[in-house]
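Hi everyone, thanks for coming. Please have a look at it first.

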Amino acid sequence: MISLAGRDILHGWGKFVLTGLGLGLLIGVTLSMAGIYRGMVDDAHALLDNSGADLWVVQQDTQGPYAESSSLKDDVVRSVRGMPGVGRAANVSYLTMQVRGEDGQDVRAMVVGFESDTEAPPGSPVHLVAGRHITRSHYEAVADVKTGFVLGERIRIRRHDYTVVGLARRMVSSGGDPMVFVPLKDAQEAQFLKDNDAIVNDRARTAANPAFNRPGQPGLLEAVQALQTSSHSVNAVLVRLAPGAAPDEVAAELRRWKHVAVFTRAEMEGILVAKLIANSAKQIGMFLVILSVVSAAIVAFIIYTMTMGKLREIAVLKLIGTHNRTIAGMILQQALGLGLIGFVVGKVAATLWAPFFPKYVLLLQRDALTGLGVTMGICALASTVAIRAALRVDPGAAIG
Amino acid sequence: MKHTQQGRVAWGRRLALGVVALAVIGGIAFVMVRSGPLAPTKVTVVQVRQGTVQPAVFGMGTVEARRSWMVGPTVASRVLRVVVDVGDVVQAGQLLAEMDPVDLDQRLAALDASLARARSAQVAAQAQVQDATARQQLSAGNLHRNEDLARQQFISSGALEGRQQELASANAALQAAQANASAAAQDAQRLGAERAGLVQQRGSLSLRAPAAGVVTTREAEPGTTVVAGQAVLRLVDPASLWIKTRIDQGRAAGLAVGQPAQVVLRSQPGQAHAATVARLELLADTVTEERLAQVAFAAPPPGVSVGELAEVTVQLPATPKGLVLPNAAVQRNGGQAGVWRLGGDGKPAWVPVTLGASGLDGAVQVHRADERAALAEGDRVVQHSQKPVHAGMRLQVVEALVPGGSETGAEK
């Protein structure tokens with residue numbers, strides 16, 4: 001028993017492999033698109049995982065700090081620490097901004113201010129891929145490798161230079177921007193302090209206001225101006241629960257007595273995945289659906305034209321008395337073979353080019369297996385059209 | 001013959017296809033093992049070593065003057081002239097500015113006139129005293145003579161009584177004149193004191209340097225009215241510059257007066273200046289959660305400005321010898337600090353530790369938290385990892401995870 005499909009493929013294997021390669025690249029794009037979607041969701045999860053928090057305490061009536069802006073006084077953390085069930089609590093501030101590297105290039109990054117003076121508080125970078133953790137309470141930074149900063153680089157955030165002392169991995173915001181960790185006080189200053197020109201203008205404005213610059217009351221103007229430049233706000237307080245504490249109960253207590261909004265891990269996940277990245281995810285999902293449909297159509301067309309190109313040979317086969325089943329099997333095997341080559345090429349291509357995407361691309365095994373099933377299904381389905389056409393061929397066409 | 005040739009061609013093709021298929025399978029396997037799900041996690045490792053840690057405390061501060069003065073009037077007045085400018089070096093007692101005396105000079109002249117008049121009045125009173133004395137002496141002589149005459153019965157007792165009354169009147173007149181004289185003296189004294197007071201007041205209108213220093217601000221110009229206590233000029237003693245340093249309370253343990261420190265001024269970023277902790281403030285800042293320390297320069301560097309930002313690093317005494325690790329190797333597992341130690345099979349195992357002193361270079365001293373799984377010198381522990389490490393994970397030890405990432409803070 002010789003394999004008809006194998007013989008046919010061997011007959012024109014160059015063409016077959018090239019077709020499979022082209023199909024594979026298309027499947028690769030589809031798999032990458034799925035990976036981009038998974039990457040977006042994973043970015044959101046990574047943000048939550050890396051913060052190491054069980055509860056997020058934010059400004060009342062906001063859904064901060066990621067989905068909305070939230071502002072709390074930085075002494076709220078002390079009253080939070082006093083609540084039962086709270087293990088550790090730490091201030092954190094988030095600010096998405098352009099950070100300038102030594103080469104003068106701007107990098108879009110999320111500047112995270114964390115309490116670097118205590119041991120591994122919630123919100124701090126967890127594991128590093130190079131360098132060390134922050135040891136000074138000012139002007140040191142740990143950056144995600146995606147920022148492109150290197151150890152020892154002096155980066156500029158607002159008016160101060162920071163030294164990159166450590167590099168971390170997969171520390172990203174929900175939008176996929178790499179994070180730069182700096183001490184909280186520096187981040188507060190970067191976030192809430194105005195630029196020098198604005199400060200000088202404000203001083204002049206205050207000095208021009210007779211209510212603050214009265215003759216006979218020296219010191220009043222200075223006091224008012226000092227008040228204007230201080231900043232004691234943070235975006236959120238991250239809480240790690242004491243062992244055995246129930247997140248919902250502690251959250252309810254905090255909401256009731258501290259007049260803040262509190263989100264548990266599950267709620268925060270809901271906000272991030274369902275609200276923050278919902279639209280972009282739907283966008284990608286829509287594109288993924290279209291791409292899948294287009295891929296399926298192209299596979300169907302390829303197999304159909306392949307069969308159409310062999311109509312004469314099929315007529316000869318029929319003429320010499322080959323079973324219809326054998327002919328159908330040949331076409332189906334070829335289609336499945338094409339699908340398999342396409343899938344393998346696609347998977348390899350997607351794996352190879354995934355690291356070069358600017359944002360994270362997560363290729364899940366589950367997605368790959370689904371992709372394999374779908375590819376094979378589409379190939380089988382597409383081959384039925386071709387089989388129908390092949391079976392309707394008149395054996396007489398081989399002679400005529 | 002032809003048949004075998006065909007067979008050979010078919011075999012050749014099969015061989016070629018087989019090679020291609022093997023290459024493809026090999027490629028897929030390579031991709032899976034290198035970057036797929038089967039790839040081991042890449043880590044860098046570091047050896048636990050014996051050593052000491054040089055703890056240091058880092059803080060930010062501003063340059064301030066230990067001794068500074070606000071020079072201003074004691075009463076509300078108008079500035080008449082300011083004779084020094086910002087940057088001028090002044091000596092103790094040097095005239096800096098003068099306030100407008102308004103009518104003080106005229107009042108002084110009036111007092112002078114009053115004083116002269118009081119002195120004249122004093123002279124007049126003295127003359128009256130002399131006059132009264134003469135009258136009293138005359139009355140006394142007359143009485144003496146009349147007493148002799150009365151004893152010899154030459155005059156009536158009524159005439160004698162008249163003389164006695166004259167003497168009493170003369171005595172009273174003398175006393176009155178003497179009282180007048182002393183009143184005039186007191187008057188002159190009062191006016192003299194008043195004048196001295198006015199002179200003092202006049203003197204206080206010239207603002208003089210309380211000590212040698214440098215003028216830092218000139219806050220009022222001639223013509224400006226300032227209230228009592230408001231500064232016209234500010235002086236600092238440039239030799240007394242120090243840095244008011246703010247240090248995180250969480251890192252301030254071990255600070256003591258006299259510890260050596262290094263100061264880097266914002267204007268001279270490459271240059272460290274020697275200094276010492278001169279004072280630890282007993283009051284800490286409750287709002288910013290910072291401890292305040294005053295760090296004095298060994299010698300104030302030239303070009304330093306008051307209010308300049310400075311980075312202060314205070315060196316604490318080195319710790320005794322112990323196990324030392326870079327802080328990147330210390331991980332948290334369920335709130336407990338520890339390290340991932342590589343076993344003989346290359347698999348990581350969790351070793352809990354307690355953390356000791358840490359240095360600014362990232363070195364941290366560790367103590368054993370658990371006798372059963374104690375860390376020893378020479379143990380290899382995971383320093384950097386691509387992913388969070390967990391027990392029994394497959395690891396691949398590499399030199400560095402990112403280009404140029406092999407230099408660690410602890411070894412620098």
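Let's begin with Ser174(A). If we leave aside its neighbours within four places in sequence, Ser174(A) is in contact with Asp43(A), Ala44(A), Leu47(A), Tyr66(A), Leu272(A), Leu276(A) and Ile277(A). Here, "in contact" means that the C-beta atoms of two residues, placed from the backbone, lie within 7 Å.

Before I go on, a word about what you are looking at. This is a predicted model, where local features need pLDDT of at least 70 and side-chain atom pairs count only at pLDDT 80 or more, while totals for chains, interfaces and linings use all residues. Residues are numbered from 1 along each chain as its sequence is written, and chains are lettered from A and ligands numbered from 1 in the order in which they are written.

Back to our serine. Where does Ser174(A) lie? Ser174(A) sits in the loop between strand S8 (160-168) and strand S9 (179-183) of chain A. When I say helix or strand, I mean DSSP runs numbered from the N terminus: H or I with at least four residues for helices, E with at least two for strands.

Is Ser174(A) buried or exposed? Ser174(A) counts as buried, because 21 C-beta neighbours lie inside 10 Å. The cut-offs work like this: 20 or more other C-beta atoms within 10 Å of a residue's own make it buried, 12 or fewer make it exposed, and anything in between is partly exposed, with C-beta atoms placed from the backbone. Notice also Val273(A): it is 99 residues away from Ser174(A) along the chain, and their C-alpha atoms are separated by 9.0 Å.

Now follow the chain into S9(A). This strand is mostly covered, with five of its five residues buried. What does S9(A) pair with? Five bridges join it to strand S4 (residues 106-114) of chain A, and those two run parallel. Strands pair if DSSP finds at least two bridges between them. Within this pairing, Gly113(A) has Val182(A) as its bridge partner. There is also strand S6 (residues 140-144) of chain A, joined to S9(A) by two bridges and running antiparallel. In that case, Val142(A) is partnered with Phe181(A).

Tyr139(A) is in the loop between S5 and S6 of chain A, and it has a positive phi of about 60 degrees although it is not a glycine. With 18 C-beta neighbours inside 10 Å, Tyr139(A) counts as partly exposed.

Next, helix H2 (residues 13-51) of chain A. How far apart are the end C-alpha atoms of this helix? They are 54 Å apart, which agrees with the 57 Å that its 39 residues should span at 1.5 Å a residue. The expected span is 1.5 Å times one less than the number of residues. Just after H2(A), Gly52(A) takes a positive phi of about 65 degrees.

Let's zoom out to the whole of chain A. It has 12 helices and 12 strands. Its radius of gyration is 31 Å, well over the 21 Å that the globule rule gives for 400 residues, so chain A is more spread out than a compact globule. That radius is taken over C-alpha atoms, and the rule is 2.2 Å times the number of residues to the power 0.38. Along its principal axes, the C-alpha trace of chain A spans about 115 × 50 × 40 Å. Of the 400 residues, 43% count as buried.

Finally, chain B. One open sheet there has four strands in the order S4-S11-S9-S6, with antiparallel pairing. Strand S4 (68-71) and strand S6 (89-90) are its edge strands, each pairing on one side only. Inside the sheet, four bridges join strand S9 (residues 213-218) to strand S11 (residues 233-236) of chain B, and Thr217(B) stands opposite Arg234(B).

How do the chains meet? The contact takes 32 residues from chain A and 39 residues from chain B. On the side of chain A that touches chain B, the residues divide into 15 nonpolar, 12 polar and five charged. For that count, Ala, Val, Leu, Ile, Met, Phe, Trp, Tyr, Cys and Pro are nonpolar, Asp, Glu, Lys and Arg are charged, and the others, Gly among them, are polar.
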